[in-house]
Amino acid sequence: MIWRGARQKSAAGRRSWKPARGPSPLRRARLPASALRPKMGGRCSSPLSGRQRRYLRGRADATVRNFVPYYRRQLATALLRRVSGERDPRGKPAPQLLPSELRGPPDAALHQGLLSQYDGDSCSWQENYFVLLGDFTLQWFESEEALRKGCEPRGSTALSGYLLLSSHGEYAEWLVGLCQGLAGGSPFPDPPGEFLFFLYHPFRRHLCLCAASAGSRRIWRAALRDAIRYRGTELQRRDSLEAEAFLEAVRFYRQERGRYGAGDLLLGPEPEILGNVLMEDLLPVLRSQVLPSIRGSERRRQQLWLQFLQEVYTLVLGEISSEFEGFQKEKEKLQIELEKKIRPDLDQMLTLKDQIASKLRAAVQSPAESCCGRDVEPHLERVTQDLLRPVSAGVEAVRSLFARRVDEMIGLVRSSPVAILREELLALGRTPWQPDVMHPCYEEADAYRESLRGLEERFGFRGVASLVLGAQNLMQQLMQDATRTFQQLSQQHLGRAGARRPLTPTLAKVKERVLKKFDCDSSSLRKRFAQEWLVRIFLPFLLKRLESGCKLMLPLVRSRIPRLN
């Protein structure tokens with residue numbers, strides 16, 4: 001069979017992956033220009049032929065099937081680490097603030113209102129009513145009345161993987177990178193006003209939006225930034241064995257293919273991350289084989305190319321989601337089986353682990369130390385300072401915001417009943433989920449985009465967006481923990497203070513107590529944040545440098561490792 005990625009039926013009736021030999025079909029066959037000929041109204045017919053759809057489905061299936069063994073191994077590794085940690089509970093110091101999980105905002109709709117939206121089909125601007133839901137999905141309706149009547153939305157999109165861009169020029173720059181060789185400019189001409197902003201995704205529909213005022217644009221941008229961050233860092237925030245194993249498995253999966261450091265590919269839920277990994281392989285082929293075959297004006301070619309990428313990504317993502325869901329059903333059973341194997345033989349496994357680590361250390365230590373001393377240490381202090389400075393400024397902004405909100409609350413309840421205090425405490429707890437209030441804190445993390453700009457060229461680091469989002473998550477977590485701690489301590493004093501003495505001195509003391517806890521936690525979190533990102537920046541660089549020499553040593557190391565009976 002010439003089409004690589006075709007799915008074969010095994011003797012047992014199950015689908016199995018059978019890679020074909022020979023060149024990729026996208027390398028062998030160019031997309032016919034007729035497939036991109038527009039219909040009436042400006043829409044294109046499907047740019048994907050049946051053969052290419054089968055090929056892409058096969059590639060998506062193969063990605064999941066080839067990835068699953070890595071995931072299984074990392075599940076076992078993560079479980080071994082967790083079970084061994086139960087014996088030695090020493091680890092991260094206990095936080096002073098009451099920890100709380102960033103589960104999501106309390107409101108069903110985070111923001112809503114009218115925006116002008118450019119419609120590519122009619123090449124005109126339309127006014128739609130937009131709603132940002134609590135699950136960080138963006139929907140738009142014909143009108144507010146259509147929303148109230150329960151009509152279906154005109155469109156919707158999950159915001160993971162999107163970039164929020166603030167100007168026409170910034171958007172055009174990203175298009176140039178995506179549409180290599182095309183100089184069509186922005187496909188959104190003649191805006192109805194000056195308050196533009198753009199939602200850009202390399203493989204999904206782009207949204208060009210225009211607000212009625214600067215204030216409206218500021219609130220929408222803050223809300224959308226929060227949504228993009230929350231959806232993009234879903235796995236990083238999830239404290240679970242599965243999330244830890246999945247992220248590590250993606251790193252090893254790419255590393256086996258000579259790609260070190262996953263960077264911003266690790267943003268989004270599991271199927272989207274695997275889709276990013278596959279599109280990383282497909283995009284160069286599509287650019288070289290499909291893009292030259294598209295005919296028309298530069299702007300028209302750009303529009304058709306974007307539509308083509310959207311269709312490819314939609315197909316790939318749908319297939320990966322379906323395949324990955326099948327493995328998810330096996331995962332619980334697999335974890336139970338792994339635990340049954342690990343717990344009885346834990347001592348033997350840990351001994352073997354130490355032996356392997358010792359032999360690997362002996363093989364790698366000398367070249368690693370040499371590489372570190374020559375290429376990493378001269379930059380270590382500066383990069384550490386560059387990592388600490390923005391997150392420290394953001395944490396200080398969070399501290400000031402928390403203190404100011406508490407002072408405002410104390411002023412309101414100075415001569416008011418306890419019932420008002422309860423209402424104010426609830427309002428304080430919503431602060432972490434008020435994007436326009438938290439935005440000045442989050443904005444401090446944007447300094448990374450400039451201060452770490454040189455890391456990509458020098459060390460191949462492509463994870464600045466993930467770093468910014470991680471710093472913002474840390475700030476939001478601290479605010480949520482601080483407000484929860486203040487709520488709990490205040491409520492403990494409500495009965496006594498309300499009956500016998502004014503509330504304000506008690507609340508002031510609680511505030512100072514919480515700030516001391518905040519300072520303690522924020523100090524350790526900032527240090528850990530910098531340490532973790534130093535590893536993410538420099539480790540892939542070191543692995544790539546050491547790859548050729550150390551790979552020759554690994555077979556010798558393996559031959560000296562005893563087997564686990």
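Good morning. The structure holds 28 salt bridges, where a salt bridge is a side-chain nitrogen of Lys or Arg within 4 Å of a carboxyl oxygen of Asp or Glu. This is a predicted model, in which local features need pLDDT of at least 70, side-chain atom pairs count only at pLDDT 80 or more, and totals for chains, interfaces and linings use all residues. Residues are numbered from 1 along each chain as its sequence is written, and side-chain values use heavy atoms, with hydrogens and water left out.

In one, the side chains of Glu-280 and Arg-259 meet at 3.4 Å, N to O. Glu-280 lies in helix α8 (residues 270-289) and Arg-259 in the loop between α7 (241-255) and α8, so the pair ties together parts that are 21 residues apart in sequence. Helices here are DSSP runs of H or I with at least four residues, strands are runs of E with at least two, and both are numbered from the N terminus. Glu-280 is partly exposed, at a relative accessible area of 26%; buried means under 20% relative accessible area, exposed over 50%, and partly exposed in between, with a 1.4 Å probe and protein chains only. Arg-259 is partly exposed as well, at 31%.

Next come Arg-545 and Asp-375, whose side chains meet in a salt bridge at 2.9 Å, N to O. This pair links distant parts of the chain, with Arg-545 in helix α16 (residues 503-559) and Asp-375 in helix α10 (residues 346-413), 170 residues apart. Arg-545 counts as partly exposed at 45% relative accessibility, whereas Asp-375, at 16%, counts as buried.

The side chains of Arg-453 and Glu-450 form a salt bridge too, at 2.7 Å, N to O. Arg-453 is exposed at 56% relative accessibility, and Glu-450 is exposed at 53%. Salt bridges that share partners also join Arg-254, Arg-259, Glu-280 and Asp-281 into one network.

I turn now to a strand. How many residues of strand β5 (residues 137-141) are buried? The count is 5 of the 5, so β5 is largely enclosed by the rest of the structure. Thr-137, Gln-139 and Phe-141 point one way from β5, while Leu-138 and Trp-140 point the other way.

What pairs with β5? Strand β4 (residues 124-133) does, in the antiparallel sense and over 4 bridges; two strands pair if DSSP finds at least two bridges between them. Phe-130 stands opposite Trp-140 in β5. The two strands β4 and β5 form a hairpin with 3 residues between them, and Phe-136 in the turn has a positive phi of about 65 degrees. Strand β6 (residues 155-158) also runs antiparallel to β5, joined to it by 4 bridges. There, Ser-156 in β6 is the bridge partner of Gln-139.

The structure holds 3 cavities of 30 Å³ or more. A cavity is a set of points on a 1 Å grid over the protein atoms alone where a 1.4 Å probe fits but cannot get out, and lining residues have an atom within 4 Å of a point. The largest cavity contains about 60 Å³ of space. Its lining includes Asp-226, His-439 and Gln-472. Helix α5 (214-232) and helix α12 (435-443) each supply at least two lining residues, and α5 gives the most, with 4. Thank you.

How values were computed:
On a 1 Å grid over the protein atoms alone, a cavity is a set of points where a 1.4 Å probe fits but cannot get out, and a pocket is an open set with protein on both sides within 12 Å along at least five of seven lines; lining residues have an atom within 4 Å of a point. Grid points are joined across faces, edges and corners, and a volume is the space filled by probe spheres set on the points.
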